[in-house]
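Let's take a walk through a protein model, starting with the whole chain and then zooming in on a few spots. Have a look at the picture and then read on.

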Amino acid sequence: MGRTLRVRASAAVLVAVLGAVLLVPLLFPLDEQAVDMANKLQPPSPAHPFGTDDVGRDVLLRCVYGLRVSLLVGVVAALAATVIGTAVGAAAGGAGGRTDRLVMRVVDVFSSVPHLLLGIFIVAMFRPGVWPVVASVGLTHWLSTARIVRAEVLSLRSRDFIDAAVSGGASRRRIAVRHLLPGVLPRAGLAAVLMVPHAIWHESALSFLGLGLPTHRASLGNMIQSARGTLLAGDWWPTLFPGLFLILPTLAIASLAGVWRERINPRRRSELML
């Protein structure tokens, strides 16, 4: 019952999030550079359910716009990282031998550098914007996918049906397309879904440090960073609500991805239940 309730709650959160980020910008256009100093730091009220920030902007509206940007960065960067990681892992596992060892040593070298540090180096070469952040996340988060795909390819290569296909004269291309790729895609897809929350947090961290989106753009990281001073003064709402918008959707995505992982790996689920 607890697991079912958790799945339903996570699905409801994601439906609400997707509905908000798709409909709110159409119904309530936002001028991201507009300020209203007469209404600054207004507490939550019927007119402003989440209050206003230090320059009078509606916190709820900016949270929705910020989450929209975070989801865009998270989904696109996760897809890019999954494509890169799948290609690298499949190439290493399929080639084997020296090529496999060389590719995995390169992966180990990149893994030794913290993601955030490498991401900062990448975004620092460009002007602040969405696409430098997408490139930063995509180019630093493919390593785990490469390892997962490589391990899956090596496992599939040892199966009897692969040996039968090779003995039957199937070409490498046919084996890869008909046998290896279908076996790899579920885990690659799961890796992509699990990467979305990580990418969202990565984008928020870069924006919090001033290296992500421009400061006037609605971003959850920007909002939390700019609200630090108001929090010390006792105005809690400009910090609390962006934090909730960051935490709840990522927890919902991670929860549903965990259910998917149990479905494609029932042995792991049975081990956890012992």
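Predicted model: local features only at pLDDT ≥ 70, side-chain atom pairs only at ≥ 80, totals over all residues.

Residues are numbered from 1 along each chain as its sequence is written, and side-chain values use heavy atoms, with hydrogens and water left out.

So what is the chain built from? The protein chain has 12 helices and zero strands (helices are DSSP runs of H or I with at least four residues, strands are E runs with at least two, numbered from the N terminus). Along its principal axes, the C-alpha trace spans about 80 × 50 × 35 Å. Of the 274 residues, 39% are buried, meaning under 20% relative accessible area, with exposed being over 50% and partly exposed in between (1.4 Å probe, protein chains only).

Now for the helix pairs. Two packed helices are described by the angle between their axes and the distance between the axes. Take helix 2 (residues 59-95) and helix 5 (residues 130-140): they pack at an angle of about 40 degrees, with their axes 8 Å apart. Helix 2 and helix 5 are therefore oblique to each other (under 35 degrees is roughly parallel, over 145 roughly antiparallel, 65 to 115 roughly perpendicular, and the rest oblique). Which residues make the contact? Among them are Val 69, Leu 72 and Ile 84 of helix 2, and Trp 131, Val 134 and Leu 139 of helix 5; contact here means heavy atoms within 4.5 Å. By class, this contact has 13 nonpolar residues, one polar and no charged (Ala, Val, Leu, Ile, Met, Phe, Trp, Tyr, Cys and Pro are nonpolar, Asp, Glu, Lys and Arg are charged, and the others, Gly among them, are polar).

Helix 2 also meets helix 3 (residues 97-111), where the axes come within 7 Å and cross at roughly 145 degrees. The contact includes Val 88 and Ala 92 of helix 2, plus Asp 100 and Met 104 of helix 3. The contact of helix 2 with helix 3 has six nonpolar, three polar and one charged residues.

Finally, find Ala 124, in the loop between helix 4 (115-123) and helix 5. Is Ala 124 buried or exposed? At 55% relative accessibility, Ala 124 counts as exposed.

Conventions
Axes fitted to C-alpha atoms, helices over the stretch in contact; angles between N-to-C directions.
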